[in-house]
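Please look over the sequence and the structure first.

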Amino acid sequence: MPEKLTVLKNKKTSLIIAAALCLSMAIGLYSFAAGRGEQAVAEEIKEVTVKKGDLKIDLAADGKAELDTVGLSFQINGVIKEIPVQPGDHVKAGDIIARLDAEKYQLELEAARAGYEAARARLAKARDDYNNKLIAAKEKMDNAMLVYQPMSQVPDIFPAQEVALKKLAADSTREAYEAAKKATSDIKMEEAAVAQALVNLKKAEKNLEDTVLRSPVDGTVLYIAGKVGESVSGGGDNADKQFAVVSTGDSVTVTAQVLELDIAEVAPGQAAEVEFEALPGEIFTGRVGGIEALPVTDASGIVAYEVSVLLDKPDARIKHGMTGTVSFIIEQKKDVLIIPNAAVKRVDGATVVEMYNEAGEIVTRKVKTGFTDGRNVEVIEGLKQGDKIIIRTRTSAQGGKA
C-alpha cells in the first residue's frame, strides 16, 4: 500500500510540474506576441505647408468636342475636276473647295438660253399677229360704220332693206373686232412657253454655278470626301452626303451623357470644366448650354441625358471629336487657404491642427474650417499661407496604415 501511495505522489508532482511549465510557456508566448504587436505599429509624422488653392465638388462624365461646322455637298452629279484645298487649310467665305467638270452643264446652259430666246421670238410674233389682226378688224369695223352711220341718220332717204343690210354689216364687223380683242390665247400660250423657258434657263445657270463648291464661311477645312476624277452624286437621296466639312472656329461645344441618377445636379448656365485626353493637365472652362429632353438608353438599359457645354475660350488645338472628362461644378471655392482633411482633429469640442513650436515640440492650434471637397478643407481662421502643420499616420510593419 505505501508503495502505491508513493507512486501516486510522484505522478501528482509530475503533473503539477508539467502544468507549471505549460503555464510558463504560455505566458512567455503571450508576452512575446504582445511585444511583437507593439513593434508592428509605428507612427509617421509628415509636415504639410498651408497653401492657397481651389476646392470643388463636381460630377464627372465622359465628353466629346464638337466644333461649329458647316457641311458642304454638291447639288448635282458630276466628275471632280479640281480640289484646290486639303484638310487643315484655312479658307475665306467664297473660296473654292472643289470643282466639277462643267462641259455638260455649259452645253445645257447654251441650249436653255437658245430655247428661251426662241420662245421670246414666238411670243413677239404672236403679239404682232394679234395686233395686225386687231388693226384689220378695226379697219373693217370703221369702214362699215362710215357707210352705215350716215344712212342711219336719214333712214327715209335710203331703202329700208339697204339700211338694214348696212346695219347688219356694221354689227358684224363690230363683233369681229370684239372677238379679235379677246383672241389672246396664242399670246398666253407663248407667254407660258417663255416662262417655262426662263425656268429652264435659270436651272441651267444654277447647275453650272453648282459645279463649283464654295465655302460659305471663314474657317478651317476638316474633311474632304472625294478625289479628282471620282464621280459624285448630288441632290435627292444623296443630299445629306457631305463632300466637305468646314469648321467656323467660332465656338467649341463639348457633349457629355449624364446618368439619370445625376441629371438633377446639372442645370443650364452651370459652370463646368473640361480636360481633354490629348491636352493633359490643361483645364478649359465653360457653361452648360442645354440638356436634351429625350433620354439616351444603351443596350444594357442604362438611361442618360445628353448635356452640351459651351467652352468660354475656344482653342485652335481642340479638334472635332476629341474626347475628355467633363466636370460639372456643383459647388466650389477658388483661391482659399486649404489643408488636408487628415490634419484636422477634434479635441475637447474644438477644431485643431498640430504643428511644431519654436522649441521643436508638437503643439495644437485652434482653427476655423469651412468648405471641404472630401480631401482638403478651407481654413477660415487660425492659419496663414506658408504655415507648417503636421499629419500623424500610424503604419504597420507590413507598410499598411493602422
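## Aromatic pairs

Rings of Phe, Tyr and Trp (its six-membered ring) count as a pair if their centres lie within 6.5 Å. The model is a predicted one. Searching the whole structure gives 2 aromatic pairs. One of them joins Phe74 and Phe243.

Phe74 and Phe243 are both buried.

## Nonpolar cores

The largest nonpolar core holds 41 residues. Phe74, Ile97 and Phe243 have the most contacts inside this core. At least two core residues come from each of strand S5 (96–100), helix H2 (103–153), helix H3 (160–182), helix H4 (185–209), strand S7 (219–224) and S9. H2 gives the largest share, 15 residues.

Neighbours within four places in sequence aside, Phe243 has contacts that include Leu72, Phe74, Ile80, Ile83 and Leu213. Also among them are Tyr223, Ile224, Ala225 and Val232. A second, separate core has 25 residues, including Leu59, Ala61, Val252 and Val274.

## The loop at Lys241

Lys241 belongs to the loop between strand S8 (231–232) and strand S9 (244–259). Is Lys241 buried or exposed? Its relative accessibility is 56%, so Lys241 counts as exposed. Lys241 and Ala225 are 16 residues apart in sequence, and their C-alpha atoms are 9.3 Å apart.

Strand S15 (residues 345–347) runs antiparallel to S16, with 3 bridges between them. Arg346 stands opposite Thr351 of S16. S15 and S16 form a hairpin with 2 residues between the strands. There, Asp348 has a positive phi near 55°.

S16 also pairs with strand S17 (residues 362–366). This pairing is antiparallel and spans 5 bridges. Val353 has Arg365 in S17 as its bridge partner. The hairpin of S16 and S17 has 5 residues between the strands. In its turn, Gly360 takes a positive phi of about 85°.

Note on methods: Residues are numbered from 1 along each chain as its sequence is written. This is a predicted model: local features need pLDDT of at least 70, side-chain atom pairs count only at pLDDT 80 or more; totals for chains, interfaces and linings use all residues. Side-chain values use heavy atoms; hydrogens and water are left out. Two strands pair if DSSP finds at least two bridges between them. Helices (H or I, at least four residues) and strands (E, at least two) are DSSP runs, numbered from the N terminus. Buried means under 20% relative accessible area, exposed over 50%, partly exposed in between (1.4 Å probe, protein chains only). A nonpolar core is a set of buried Ala, Val, Leu, Ile, Met, Phe, Trp, Tyr and Cys residues joined through side-chain atoms within 4.5 Å. Contact means heavy atoms within 4.5 Å. Rings of Phe, Tyr and Trp (its six-membered ring) pair if their centres lie within 6.5 Å; planes under 30 degrees apart count as stacked, over 60 as edge-to-face and the rest as tilted.
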